[in-house]
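Dear colleague,

I am passing a structure on to you, and below it I have written down what was found in it. Please read the text with the structure open beside you.

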Amino acid sequence: MTSERTFIAIKPDGVQRGLIGEILGRFERKGFKLVALKQLVPSRALAEKHYGVHKERPFFSTLVDFITSGPVIAMVWEGEGVILNARRMIGATKPLEADPGTIRGDLAIDIGRNVIHGSDAPETAVFEIGLWFNSEELNSWTPSDQIWRVEN
Ligand code: DAT
Ligand code: MG
């Protein structure tokens, strides 16, 4: 099994709305492994680096204002295919276009309040994990029920 890691963040709207448990539960029940988690209010510098690819877009400053407006839950999840699968679990960027059953499809309506972030590719995942976490904050561990999640 080729395991990979992805960066997932519950945005300030998800925290304010009490959706942390709901969202964590979906990844836990799927069987992915949580290897890092912390709550923080991101600095402007962190948010601007995180969303650096969007810095020329008209919504950039509003987006940075929003993501720095309160506590965020920053996480790293691990598992086979977790990068792409987390994106599928999250759903489309515009919540009204996100399929029912996805996090955004079930829990959000507005693109500016779409509850959750997930890395979109392997290189982005490496960049974002390194941006939000020190290597000592990432735990390598084996869940005691691992043999009941993956055969090998
Ligand atoms: P995603 O979060 O699905 O990876 P993205 O990387 O294209 O989407 O954009 C990052 C965030 O920026 C997105 O979650 C919400 C915001 N955003 C994107 N496009 C926007 C737009 N056209 N108007 C307002 N906010 C937008
Ligand atoms: Mg993105």
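Which residues are exposed on the other side of H5? Before the reply, a word on the source: this is a predicted model, in which local features need pLDDT of at least 70 and side-chain atom pairs count only at pLDDT 80 or more, while totals for chains, interfaces and linings use all residues. Residues are numbered from 1 along each chain as its sequence is written, chains are lettered from A and ligands numbered from 1 in the order in which they are written, and side-chain values use heavy atoms, with hydrogens and water left out.

The residues in question are Leu84 and Arg88, where exposed means over 50% relative accessible area, buried under 20% and partly exposed in between (1.4 Å probe, protein chains only). Helices (H or I, at least four residues) and strands (E, at least two) are DSSP runs, numbered from the N terminus. In helix H5, residues 82–90, the buried residues are Val82, Ile83, Ala86, Met89 and Ile90. Seen down the axis of H5, these buried residues fall within an arc of 125 degrees (taken from the directions from the helix axis to the C-beta atoms), so they line one face of the helix. An α-helix has 3.6 residues a turn, so residues three or four places apart point the same way. The buried residues of H5 pack against S1, helix H2 (20–30), strand S3 (72–80), H6, S4 and H7, contact meaning heavy atoms within 4.5 Å.

Turning to the strands, four of them form an open sheet in the order S2-S3-S1-S4, with antiparallel pairing; two strands pair if DSSP finds at least two bridges between them. The edge strands, each pairing on one side only, are strand S2 (33–40) and S4. S1 and S4 are joined by three bridges, and Ala9 has His117 in S4 as its bridge partner.

Another point concerns the backbone. Most residues other than glycine have a negative phi. Val115, however, has a positive phi of about 75 degrees although it is not a glycine. Val115 is found in the loop between helix H6 (103–107) and strand S4 (116–118), and it counts as buried at 0% relative accessibility.

Finally, the charged end of Lys38 sits over the ring of Phe133, 4.6 Å from its centre (the rule asks for NZ of Lys or CZ of Arg within 6 Å of the ring centre and within 35 degrees of the ring normal). Phe133 itself is buried, with a relative accessible area of 6%.
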